[in-house]
Amino acid sequence: MSAKAISEETGKEFLYKHICTSAAVQNRFRYARVSNHTDWDRLAQDHPWLLTERLVVKPDQLIKRRGKLGLVGVDLDLQGVRDWLKPRMMRETTVGKAKGVLKNFLIEPFVPHKQEEEFYVCIYAGREGDWLLFHHEGGVDVGDVDSKAQKLLVAVDDKLTEETVTQQLLAHAPGNRKQVLANFIVGLFNLYEDLYFTYLEINPLVVTSAGVYVLDMAAKIDVTADFLCKAKWGDVEFPPPFGRDAYPEEAYIADLDAKSGASLKLTILNPRGRIWTMVAGGGASVVYSDTICDLGGVDELANYGEYSGAPSEQQTYDYAKTILSLMTREKHPEGKVLIIGGSIANFTNVAATFKGIVRAIKDYQEPLQEHEVSIFVRRGGPNYQEGLRVMGEVGKTTGIPIYVFGTETHMTAIVGMALGQRPIPKEPPADAHTANFLLNTSSSAATPASSRTASFSEPKTAADATPAKKLKPGVPPAKATTLFSQHTKALVWGMQTRAVQGMLDFDYVCSRDAPSVAAMVYPFTGDHKQKFYWGHKEILLPVYKNMADAVRKHPEVDVLISFASLRSAYDSTMETLNFPQIQTIAIIAEGIPEALTRRLIKKADEKGVTIIGPATVGGIKPGCFKIGNTGGMLDNILASKLYRPGSVAYVSRSGGMSNELNNIISRTTDGVYEGVAIGGDRYPGSTFMDHVQRYQDTPEVKMIVVLGEIGGLEEYRIGQGVAEGRITKPVVCWCIGTCATMFSSEVQFGHAGACANQAAETAVAKNQSLREAGVFVPKSFDELGDAIRTVYDDLVASGAIVPAKEVPPPTVPMDYSWARELGLIRKPASFMTSICDERGQELIYAGMPITEVFKEEMGLGGVLGLLWFQRRLPRYACQFIEMCLMVTADHGPAVSGAHNTIVCARAGKDLVSSLTSGLLTIGDRFGGALDAAAKQFSGAFDSGLLAMEFVNKMKKDGKLIMGIGHRVKSINNPDMRVQILKDFVKQHFPATQLLDYALEVEKITTSKKPNLILNVDGFIGVAFVDLLRTCGGFTRDEADEFVEIGALNGIFVLGRSMGFIGHYLDQKRLKQGLYRHPWDDISYVLPEHMTM
């Protein structure tokens, strides 16, 4: 969705804040918004002028012609305003077909003026530029302004001057007002451009001797320009059309959409309706709504929405649970139906998205059963068979009636089934599996010879492209009729390795001599090579940091496929247009501001370059070339016979629906010759007619299919071309969006351009006009395939198409990653892990989601328990671990580890290097005694040795007792760290047998020498053994194993790392220089004969 209406209050705020004009704009920021919750005393305090001036009050809810409807109160005082509002506030009102509640009103100062001081001004966007309309008679009775007003087209990138305005718009304006009007209109137009308005109407604009007054205003802005205009716009609130309430669920999905690279849309039409939809794809979502309305379900249609662009499992789950929550709030006497539909996906992993839907269905199992919900599913695309299988299984396990269908079923057939107007097949036929392109499946279907450019076995021609024509000076170069051939070479902007591999696999199955991708451009890395597959063989494609290098090194390239983001697509495309060798550019990004797109179109037209997109999946020329992800995976390429040319060329807006057309055309004709999805934006880089004219001029194309849609007037040019004889080939066309005229309020469909701003832009009007012009127009999308088949059969019968034998394509091996996704292969893993899983939507520690870790307030000790011991330890155990980390965190700069860290830091080494140098000193002599102490003490205790016997044995063996002794602390100067830990352990541990044993040993050792105390390493070692053995979470063998594999030393390493990092940061903060050990602290003891 691109252009969205804003409230009058917001529009005036933008105008008053940002307009630059010498005209005296009056009543700036003098408006007050009121609702049924308004505190009138506070309102008067905030706006003192309400008490002193005459006022105007009107609803601010996107209602047109409020004056005609009697919805404007004029020349009132504040009490009069309140009296005027009483019978209207929160009352249901009918405006046209829409019924809505009046709840938001705007109060402004009343402006006394004469009729001749009222004017009409409007600016709105068009493909070639922006139209300015001015009429010298404004106000309620302005009438048909389109036929009355003076009009001026300001071409893209042109500047508007006061002189131009005066000459072309103000011919009938009063002479004494022309200068003010011209200055204001220029300022208004500049504001319109700067703030990315797409529509701005002021009626009336009042100009008196005192200045300019903006009385009534309506406006739309291009929401995709948010990243450019956020600072000026602020947080904009977009009100719903009158007659439709704003629901929190819509805002929730809009927020999900804003945070996602995918597209998620939801509009609630009738929350009590029984027919709910969850459709994948902007074009497909419109087709399903059309079909529901065609079959009489308009009054029961509950929602419009779509999800597309490969949303994640979690995003799909959030979207699905929102739909299921809404539809299970109120029962319907006939039960409810949920239509989970979609066209054939190009790149979305259907099984992955269905996992999210399945999770939601399981969560809402009981409400769905209680509300008698039946679910009908139809989908195609990558891994769709697995998705359908999982969906069918959840129906069996939950008892919810779920009917699943794949590409063998017409896309909208499930609508008739859901509404009881079509029988439900018991055993739907199963299409080939996604994996079947591993096999060389040669079918004997007949295909016409004349539809081919060449057989795969015939020698290739040197070049297929249309030769360039010599141009006269000043005449823009003509665009090529042939965009792609078997020798086309392309650059791909962006690190889209999956899309590139798909293109190479398509090239291989089409028997191209060489890959169609010459190189990639990715500014965020240095020049390098990227590995891909060409059939069975691995190849390297160069990746360049900038376009200039790529173009210079690959002069054979004439196509750019841009996967640049919506923020960078404009700049990168403008740069590309400076390279004359590039003749075709496909822009995949969705959400490029319309004003920027129009600049791209203008420059491309000047250069003779064809742009496909923005907001497109691209296009495909079977046997020759495909753009990015167009056509989906190889199973769909083979099923739709896209590896060789047919006789039918098509053009559509929707990428998903273009793949559906591939399917329909392959089932009803000999196949596709070329197909292009021009994109869903209001101003696609190339138009329907651009491509229809190309197809008309291409001898191999025998018939043309167009899938138009609501919004814009481009389809009328096709009808004119047919009626005037410029298009002589049969054209089959259907415009989607016929349901829009049945809705009581305006609905913005999935594509930015899918919204009718006038009657002629409706799908119904277009279909009727095309039919009258001689285009083959079916009665509905359901019958589109039949219409195509009829026209094709007539061409075969007339001899225009002669069938020929099918040529089997070569096989292409499946990528390992995808084969594993489909469950076709298995391979021993290189690594095994049992503590953490980051693959899903949420990080999992030892089976516990990270959100639960925080919810349970497990702390650092709890996390350590999960990751080290795979257990949820008792609270006291977690606290003990944290205490151990605290007491071992540091012991001053003199110890070897800290010393090493400091020396490294002062030598200019980085954090990791300095930390590592300190950690490498940890061992039996420094800090690493935890494990050794635990092993020695537990071994002695478990073998039944008395404390004295253990001490004597160690002395006899000549071994030190690990964990006993301290350089500074003694029995008379105890280590408070040990005392703190001992108090905690004695209070909280269930038993402390090994600790008690160690304390007996300490009594013996300190009787010989006071500093032979149980030190902090020894204490932690023996206490941890007690913890592992007595907390109830481990068997004796498991406890001993953790001691054996070094888990206890990990406590010291982890704790002391905090101190080492502290020392590193301290040295850097103090800016200490390189350390050199002083001579006087070194005893030089060289041999005597060396000192002579």
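Strand β32 (residues 703–709) is mostly covered, since seven of its seven residues are buried, where buried means under 20% relative accessible area, exposed over 50% and partly exposed in between, with a 1.4 Å probe and protein chains only. The model is predicted, and local features need pLDDT of at least 70, side-chain atom pairs count only at pLDDT 80 or more, and totals for chains, interfaces and linings use all residues. Residues are numbered from 1 along each chain as its sequence is written, and side-chain values use heavy atoms, with hydrogens and water left out.

- Strand β30 (residues 648–652) pairs with β32 in the parallel sense over five bridges; two strands pair if DSSP finds at least two bridges between them.
- Within this pairing, Tyr650 has Val705 of β32 as its bridge partner.
- Strand β33 (residues 731–736) also pairs with β32 in the parallel sense, over six bridges, and Cys735 of β33 is the bridge partner of Gly708.

**Nonpolar cores**

- A nonpolar core is a set of buried Ala, Val, Leu, Ile, Met, Phe, Trp, Tyr and Cys residues joined through side-chain atoms within 4.5 Å.
- The largest nonpolar core has 100 residues, of which Ile561, Phe625, Met703, Val705, Val706 and Phe781 touch the most other members.
- Leaving aside neighbours within four places in sequence, Val705 is in contact (heavy atoms within 4.5 Å) with Val648, Ala649, Tyr650, Val651, Leu661, Ile665, Val732 and Ile788.
- A second, separate core of 76 residues includes Tyr16, Tyr196, Phe579 and Ile587.

**Around β30 and β32**

- Helix α21 (residues 688–696) is mostly covered, with seven of its nine residues buried: Phe688, Met689, His691, Val692, Arg694, Tyr695 and Gln696.
- These buried residues of α21 pack against β27 (610–612), β30, β31 (672–677), β32 and α22 (714–723).
- Arg653 is found in the loop between β30 and α20 (655–668), and at 6% relative accessibility Arg653 counts as buried.
- Arg653 and Gly679 are 26 residues apart in sequence, but their C-alpha atoms are 4.7 Å apart in space.

**A helix pair**

- Helix α28 (residues 875–887) and helix α35 (residues 1016–1030) pack at an angle of about 165°, with their axes 12 Å apart; axes are lines fitted to C-alpha atoms, for helices over the stretch in contact, and angles run from 0 to 180 degrees between N-to-C directions.
- The two helices, α28 and α35, are therefore roughly antiparallel to each other, the term for angles over 145 degrees.
- Tyr876, Ala877, Phe880, Ile881, Cys884 and Val887 of α28 make the contact with Val1016, Ile1020, Ala1023, Phe1024, Leu1027 and Thr1030 of α35.

**A three-stranded sheet**

- An open sheet of three strands has the order β35-β36-β37, with antiparallel pairing.
- β35 (836–837) and β37 (848–849) stand at the edges, each with a single partner strand, so one side of each has no neighbour in the sheet.

**The whole chain**

- The chain has 38 helices and 37 strands; helices (H or I, at least four residues) and strands (E, at least two) are DSSP runs, numbered from the N terminus.
- Of the 1092 residues in the chain, 54% are buried.

Key
Parallel < 35°, antiparallel > 145°, perpendicular 65-115°, else oblique.
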